[in-house]
Amino acid sequence: QVQLVESGGGLVQPGGSLRLSCAASTSGFTSYTMGWYRQAPGKRRELVATITRGGAPHYADSVKGRFTISRDTAKNTVYLQTNSLRPEDTAVYFCNADLGSYATGVKNYWGQGTQVTVSS
């Protein structure tokens, strides 16, 4: 069974940085669009950033210029470099990916989430 395994969350002061990572736990799959979403307490899950297999990024307006998404396609891994963090960035960050194989076709998967807390 395919799992997306996230790491890199934590507690950071305003203005600080964190690097989130997400890797597919199973080999033999091809990764397509990968991305990050977040959900703050009492709010709906929202898109943070996505990146296509070709490397084209897309960002939510709220993180443009502060966050950078990248990927290692050979490793089916996606990263999110978060800089100039603000208290309003506090949320659980979820990895999302379209992964496919000859046997399963292309399916969409979610990670379990990693907490990012921005506080002094």
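Gly-15 is exposed, with a relative accessible area of 52%, where buried denotes under 20% relative accessible area, exposed over 50% and partly exposed the range in between (1.4 Å probe, protein chains only). The structure is a predicted model, in which local features need pLDDT of at least 70 and side-chain atom pairs count only at pLDDT 80 or more, whereas totals for chains, interfaces and linings use all residues. Residues are numbered from 1 along each chain as its sequence is written, and side-chain values use heavy atoms, with hydrogens and water left out.

Gly-15 is placed in the loop between strand 2 (10–12) and strand 3, with helices (H or I, at least four residues) and strands (E, at least two) taken as DSSP runs numbered from the N terminus. When residues up to four places away in sequence are not counted, Gly-15 touches Ser-84 and Leu-85, a contact being defined by heavy atoms within 4.5 Å. The C-alpha atoms of Gly-15 and Ser-119 are separated by 9.7 Å, although these residues are 104 residues apart along the chain. Ser-84, one of the residues touched by Gly-15, is found in the loop between strand 8 and strand 9 and is partly exposed, with a relative accessible area of 41%. The phi of Ser-84 is positive, at about 50 degrees, although Ser-84 is not a glycine. A positive phi of about 50 degrees is also assigned to Asn-76, again not a glycine; Asn-76 lies in the loop between strand 7 and strand 8 and, at 7% relative accessibility, counts as buried. As background, most residues other than glycine have a negative phi.

An open sheet is formed by 4 strands in the order 1-3-8-7, with antiparallel pairing, two strands being taken to pair if DSSP finds at least two bridges between them. Strand 1 (4–7) and strand 7 (67–72) stand at the edges of this sheet, each with a single partner strand, so one side of each is left without a neighbour in the sheet. Neighbouring strands of the sheet are turned by 15 degrees against each other on average, direction ignored; the axes are lines fitted to C-alpha atoms, for helices over the stretch in contact, and angles run from 0 to 180 degrees between N-to-C directions. Within the sheet, strand 3 (residues 18–24) and strand 8 (residues 77–82) pair in the antiparallel sense over 6 bridges, and Leu-20 has Leu-80 in strand 8 as its bridge partner. Antiparallel pairing over 6 bridges is likewise found for strand 9 and strand 10, which are joined by a hairpin through 3 residues; here Ala-97 stands opposite Tyr-109 in strand 10.

A search of the whole structure finds 1 aromatic pair, the criterion being that rings of Phe, Tyr and Trp (its six-membered ring) have centres within 6.5 Å, with planes under 30 degrees apart counted as stacked, over 60 as edge-to-face and the rest as tilted. Tyr-37 and Trp-110 form this pair, which is edge-to-face, at 5.1 Å centre to centre and with 65 degrees between the planes. The pair links distant parts of the chain, Tyr-37 being in strand 4 (residues 30–39) and Trp-110 in strand 10 (residues 105–110), 73 residues apart. Trp-110 is partly exposed, with a relative accessible area of 40%, and Arg-45 lies over its face at 4.6 Å from the ring centre; such an arrangement requires NZ of Lys or CZ of Arg within 6 Å of the ring centre and within 35 degrees of the ring normal. Arg-53 lies over the face of Tyr-32, at 5.9 Å from the ring centre.

The structure holds 4 salt bridges, each defined by a side-chain nitrogen of Lys or Arg within 4 Å of a carboxyl oxygen of Asp or Glu. One of them joins the side chains of Asp-89 and Arg-38 (3.0 Å, N to O); since Asp-89 lies in the loop between strand 8 and strand 9 (91–101) and Arg-38 in strand 4, the pair ties together parts that are 51 residues apart in sequence. Asp-89 is buried at 1% relative accessibility, and Arg-38 is buried as well, with a relative accessible area of 6%. Asp-89 also forms a salt bridge with Arg-66, with the closest N and O atoms 2.8 Å apart, and this pair links the loop between strand 8 and strand 9 to the loop between strand 6 (57–59) and strand 7, the residues being 23 residues apart. Arg-66 is buried, with a relative accessible area of 8%. Through salt bridges that share partners, Arg-38, Glu-46, Arg-66 and Asp-89 are joined into one network. Asp-61 forms a salt bridge with Lys-64, the closest N and O atoms being 3.1 Å apart; Asp-61 is exposed, with a relative accessible area of 65%, whereas Lys-64 counts as partly exposed at 49% relative accessibility.
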